[in-house]
Amino acid sequence: MSVVGFDLGFQNCYIAVARSGGIETIANEYSDRCTPACVSLASKNRTIGNAAKSQIITNFKNTVHGFKKFHGRAFDDPFVQGERVKLPYSLQKLPSGGTGIKVRYLEEDKVFTIEQMTAMLLTKLKETSESALKKPVVDCVISVPSFFTDAERRSVMDATQITGLNCLRLINDTTAVSLAYGIYKQDLPTPEEKPRNVVFVDMGHSSYQISVASFNKGKLKVLATAFDPYLGGRNFDDSLVDYFCEEFRTRYKLNVKENPRALLRLHQECEKLKKLMSANSSDLPLNIECFMNDIDVGRVDMRRAQKIQVQLVAGTCRLLKSVFWCHTELTRDDIYAVEVVGGATRMPAVKERISKFFGKDVSTTLNADEAVARGCALQCA
Ligand code: ATP
Ligand code: MG
């Protein structure tokens, strides 16, 4: 039976499997290798992944996303409380003190635990793997952020049990990425030679993780890890959203934050704009027709938007310094390559900052989206 690797991302999930001597990533029924971490509960059914993502605005109270970091956290945890006020769906304190998600499902009010929510997502990933491999899938390896605590890891394990999966191991995102790098490098130094040191930087939607690993043929050693669990692509979206909310308040007298649907639409448009900014430096439009009160909004002052990004990027550098100077005895000259993965490292400002810090161009040897899942699949191959 095959062991599949799941990258359970905050925003995006990927599946990989070791097959016929290589690692393959598996696509879902939309021929999409990415399955959004999104579950939509409705009066007659539930949808998960791509279909659920398209319900984010229409069924906003019952479409659940951005829940990964509630694993193992009490409802009263300041992080949970901070998120709660921004979420379009409701959270509720469970009798155990844990975080529950309150939705209307099959014409009834229901409260799901985080483990149940993740189990629904995992069920989808399991089914996708089974239909691609044409056989049952039970054994898996799942990645979790390197900063996940024991309680948070246990909670993810509980979710795998609900799904009927046998999770052989949880591995850190950063370890998975190093594994994915090491396996295909044919030219690694022999065990007698000086090891090759590589820095891995992963900026996803919700977090920023860095690790330094040394490689010899058949040997991988993680030298240091550092993380900022609260800095990722979504912070860039949030700051663009805040900027436009303010802009629309003065320009059109609109109170966007009081209208959940409009706010979600603005969020989606800001994420698109952020991605466009990665490829363009000219002025870009942010056009939303009939945004609120039949008003069409548009036009962006790119300089303001870029300034917002630059401020956030400054934060990325602090962490590089910390991992590098506090946790290793390496100098910049000891670094062979700086590999970037994770969707948010596609932002030129982020790449530039990392490259400037190390005094060398960043490498993109690994598939930025799939490296974590590939590493998971390799772990037990
Ligand atoms: P996490 O690792 O925090 O759990 P994740 O693994 O789900 O999250 P990724 O899929 O690595 O996250 O990255 C998603 C983020 O990358 C989103 O914020 C998305 O907007 C951003 N992103 C993707 N492509 C681009 C791009 N071209 N330019 C800028 N940002 C991008
Ligand atoms: Mg990730």
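Close-up 1. In helix 9 (residues 348-358), the residues Val-350, Ile-354, Ser-355, Phe-357 and Phe-358 are buried, where buried means under 20% relative accessible area, exposed over 50% and partly exposed in between, with a 1.4 Å probe and protein chains only. Seen down the axis of helix 9, these buried residues fall within an arc of 160°, so they line one face of the helix; the arc is that of the directions from the helix axis to the C-beta atoms. On the other side of helix 9, Glu-352 and Lys-356 are exposed. Just after helix 9, Gly-359 takes a positive phi of about 65°. Helices (H or I, at least four residues) and strands (E, at least two) are DSSP runs, numbered from the N terminus. The structure is a predicted model, in which local features need pLDDT of at least 70 and side-chain atom pairs count only at pLDDT 80 or more, while totals for chains, interfaces and linings use all residues. Residues are numbered from 1 along each chain as its sequence is written, chains are lettered from A and ligands numbered from 1 in the order in which they are written, and side-chain values use heavy atoms, with hydrogens and water left out.

**Close-up 2. Arginines over aromatic rings.** Arg-332 lies over the face of Phe-357, at 4.6 Å from the ring centre, and Phe-357 is one of the buried residues of helix 9. Arg-196, in turn, lies over the face of Tyr-336, at 3.9 Å from the ring centre. A charge sits over a ring if NZ of Lys or CZ of Arg is within 6 Å of the ring centre and within 35 degrees of the ring normal.

Close-up 3. Four strands form an open sheet in the order 15-14-13-18, with mixed pairing; two strands pair if DSSP finds at least two bridges between them. Strand 15 (219-228) and strand 18 (335-341) are the edge strands, each of which pairs on one side only. Neighbouring strands of this sheet are turned by 20° against each other on average, direction ignored. Helix 5 (residues 173-184) packs on the sheet and touches strand 13, strand 14, strand 15 and strand 18, its direction making about 40° with that of strand 14. Contact here means heavy atoms within 4.5 Å, and axes are lines fitted to C-alpha atoms, for helices over the stretch in contact, with angles running from 0 to 180 degrees between N-to-C directions. Within the sheet, strand 13 (residues 196-203) and strand 14 (residues 208-216) pair in the antiparallel sense over eight bridges, and Met-203 stands opposite Tyr-208 in strand 14.

**Close-up 4. Aromatic pairs around Phe-147.** The model holds twelve aromatic pairs, counted where rings of Phe, Tyr and Trp (its six-membered ring) have centres within 6.5 Å, with planes under 30 degrees apart taken as stacked, over 60 as edge-to-face and the rest as tilted. Phe-147 and Phe-148 form an edge-to-face pair, at 6.1 Å centre to centre and with 70° between the planes, and both Phe-147 and Phe-148 are buried. Phe-147 also forms a tilted pair with Phe-227, at 5.5 Å centre to centre and with 55° between the planes. This second pair links distant parts of the chain, since Phe-147 lies in the loop between strand 11 (139-144) and helix 4 (150-163) whereas Phe-227 lies in strand 15, 80 residues apart. Phe-147 counts as buried because its relative accessibility is 12%, while Phe-227, at 37% relative accessibility, counts as partly exposed.

Close-up 5. Three strands form an open sheet in the order 8-9-10, and the pairing is antiparallel. Strand 8 (90-93) and strand 10 (108-113) are the edge strands, each pairing on one side only, and neighbouring strands of this sheet are turned by 40° against each other on average, direction ignored. Strand 8 is joined to strand 9 (residues 99-105) by four bridges, and Leu-91 stands opposite Ile-101 in strand 9. Helix 3 (residues 114-133) lies across strand 9 and strand 10, running at about 90° to strand 10.

**Close-up 6. The hairpin of strand 2 and strand 3.** Strand 2 (residues 12-19) and strand 3 run antiparallel and are joined by four bridges, with Ala-18 standing opposite Ile-23 in strand 3. The hairpin has two residues between the strands, and Ser-20 takes a positive phi near 35° there. Strand 3 (residues 22-25) has a covered face, Ile-23 and Thr-25, and an uncovered one, Gly-22 and Glu-24.
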